[in-house]
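I opened my notebook to write down what I looked up in this one. Here are the entries, in the order I made them.

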Amino acid sequence: MRQGQGKGSAKPHRAAAPSEMQSHTSAEPASALRAAIAPFIAMEVLSQAGAIEAKGGKVVHMELGEPGAPAPRAAREAAKRAIEEGRIAYTPALGIPSLRKRIARHYRDFYGLTVDPEHVAVTTGSSAGFILAFLACFDVGDRVAISSPGYPAYRNILEALGIEPVVIETGPADRWTITPEALSAAHRDKKLKGVLVMSPANPTGVMMSAEAIGALAGICDRLGIWFISDEIYHGLTYEAPASSALAASSDAIIVNSFSKYFCMTGWRIGWLVLPPRLLRSVERLAQNLFISPPYVSQIAAQAAFEAKHELQAVRDVYAQSRALLLEALPRLGFCDLAPVDGAFYVYGDVTRLTNDSLEFCRRALAEAGVALTPGVDFDRTRGARHVRLSFAGAPENVRQGVQRLASWLAREP
Ligand SMILES: Cc1ncc(COP(=O)(O)O)c(C=O)c1O
């Protein structure tokens, strides 16, 4: 089956052009230009799936990076106790000291690294962590390198803050990661102020080796630019454990979260590890933008560190779903799957099935009842060739998704 032929391939997603923003009447003020960012398509697919479900339809969700497992039992128990105690109050802007201390200990236990609890800032999910880090490091007009394909919110948050995302295209030849050469070339072109990498990555699942991270951190030190490392998928690896950029550079900014490994998406809790020179600015920004991270979630997050066995069991289930998809997808026509070293996504080339992944995903949802994310969410220029499938849900869900896709594709001419 090929879709979208003759109608042209999917247009890359883009923020609304300034002229579109001016078309409102004076009675209805246009939103600010900085608000004209692209939508997060995975979230839009989620709401389209919700509309089908509201009418009684059944959807297999493979669009979101949302663990199917609940928060660890210890976290839920701790939250219950905190709620029963009654007073849910503001906390210090950088988080409750015991949680900052526990996060610092995690670096010793997990990576053998020493982290001063004072360098840890607890945030409202890693999403708030990005806003704090970007505002602390960059001014309007600064240029920050990010990879494509990549997590769409990086680009969209940077654009909303008036910071210029400099998109570096990656692919199989560079193992889907920004190389020191590509970073230096982008800097030579016009000075960068920072680079943001993730490992394991979304949407590819690709992990950078300790050497690759070290090489990139070394270039950043030499060029005098910020190195921001999104480590949200640490703990969810299938071949080897992930290395933290902190091992390579004490000046790196680490972004992490309780959303993925700890299965706590809706609790909106994450953290930053910061170099000392950024601490006061991040604290001032956090005081003003968020006052404090949510109290109950902080209590729960601290307890989640004690749920190692439960969380390991969740990871082992992802490993089974990963194996199932890696075996089934090539048979369905998904090619050149990026190596899924970690996270819970498979990013595949669908050009044997379509030349328009947005339309392909629309039809997969409407006709097969499987919610997938089109590559244009992650790569505005080449994403029409790719689709991302998430295997974060229950394994039964993943099995059902594959079955539905197989019968749908078999029905198509
Ligand atoms: C790479 C990456 N970073 C950050 C986030 C945001 O996570 P949260 O704000 O829930 O911590 C996500 C969510 O999918 C992600 O994939």
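I started with β11 and β12 (residues 386-390), which pair in the antiparallel sense over two bridges. Two strands pair here if DSSP finds at least two bridges between them. Within this pairing, I found that T373 has R388 in β12 as its bridge partner.

Before going on, I noted that this is a predicted model, where local features need pLDDT of at least 70, side-chain atom pairs count only at pLDDT 80 or more, and totals for chains, interfaces and linings use all residues. Residues are numbered from 1 along each chain as its sequence is written, and side-chain values use heavy atoms, with hydrogens and water left out.

**The sheet around it**

Next I followed the open sheet: three strands in the order β9-β12-β11, paired antiparallel. Its edge strands, β9 (345-349) and β11 (373-374), each pair on one side only.

**The whole chain**

I counted 13 helices and 12 strands in the chain; these are DSSP runs, helices being H or I of at least four residues and strands E of at least two, numbered from the N terminus. The radius of gyration is 21 Å, close to the 22 Å from the globule rule for 413 residues, so the chain is as compact as a globular protein of that length. That radius is taken over C-alpha atoms, and the rule is 2.2 Å times the number of residues to the power 0.38. Along its principal axes, the C-alpha trace spans about 60 × 55 × 50 Å.
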